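Me: I'd like to learn how to read a ligand site. Could you walk me through this one?

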Amino acid sequence: MVAPVPPNPVSVRVRVPAKINLALKVGPPRDDGFHPLATVFQAVSLFDEVQAEWAEPDRFEVTVSGEGADTVPLDDQNLAIRAARLLADTYGQQDSLGVALSIKKSIPVAGGLAGGSSNGAAALVACAVLWDLDLPPAKLRELAAELGSDVPFAMLGGTAVGSGRGEELVPALARGSYHWVLAFGHHGLSTPAVYRRFDELQPSGTHPLEVPAGLMNALRSGDATQVGPELVNDLQPAALNLQPRLQQVLDAGMEYGALGAVVSGSGPTCAFLVASETAAVDLSVALSADGVCRAVRRVVGPVPGARLIT
Ligand code: C5P
């Protein structure tokens, strides 16, 4: 048997952002168990890095370092591994491809920031290049949607309106750059558990299921003071019900001068919009000193989705 020839390059690195939801409107569960959404995603400058290295055929492995690394599964539950396998099964010759992935995490695990989904998106992009598959972006997007509701947005980035279960995307008409302070929780929240609690608290979901016009107008203006009061998340009551202390975090951020506060996605990360970089520094210092959350990060958005780095 002829030994497989490693392609050139033998290793590829991809940087991928976290997302926050500026609006998240949720309908009642569909027959497949997923909830129909009307959401506005924004990619922010908190990045994970995924490296894909040539490995023997049919060998798929992953190592993880950084934020929350010890809680990330290393088996087939890992979204980066699932992404690599899905790509190899769909477009590779039978069992001819393998990869060793390493993930450097800065995005908290189970934080409502699409950390796992972003790793899946990065692995798709990295492996497509490593294996020289020369796929049109539309094919990668199809696989991304198969992997998870937030994976297509992690590939796209920017600011986008999402529908379906979150995987159908249209870039948003948004101006400007926004300064955010993210407050990380002490404990993660399971996305399915938050949706289950949402169903208990609000079984009929939101009507009508649409992104608020006020938010879209505010984003077109590019004025953070108009965007702040428009932030909205239907999952927030469910996240607060599961972690009541989050209310203190949201209140503290507003008291210390945020223009708006919202739990991101299924939480528990709280996102605070502020007017400037200086305001972001002030709010980060105040929240850290208050001790109301585990850690704070200053980020800006929008930023691009998963991209190769050299
Ligand atoms: O799509 P993803 O695998 O990220 O979803 C994780 C879980 O979140 C799903 O299994 C489901 O319980 C819940 N979910 C949902 N409706 C959505 C997105 C996610 O109920 N639109």
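Reply: Happy to! Domain bounds come from an automatic or database domain assignment, and a residue is near a molecule if one of its heavy atoms lies within 4 Å of it. Here the shell around the ligand draws at least three residues from each of domain 1 (11-171) and domain 2 (178-301). This is a predicted model, where local features need pLDDT of at least 70, side-chain atom pairs count only at pLDDT 80 or more, and totals for chains, interfaces and linings use all residues. Residues are numbered from 1 along each chain as its sequence is written, and side-chain values use heavy atoms, leaving out hydrogens and water.

Me: Which residues surround the ligand?

Reply: They are G33, F34, H35, L37, G148, S149, R165, T191, P192 and Y195. Helix α5 (residues 191-201) gives the most to this shell, with three residues; helices are DSSP runs (H or I, at least four residues), numbered from the N terminus.

Me: How much of the ligand's accessible area does the protein cover?

Reply: Accessible areas come from the Shrake-Rupley method with a 1.4 Å probe. On its own the ligand has 460 Å² of accessible area, and the protein covers 74% of that.

Note on methods
Helices (H or I, at least four residues) and strands (E, at least two) are DSSP runs, numbered from the N terminus.
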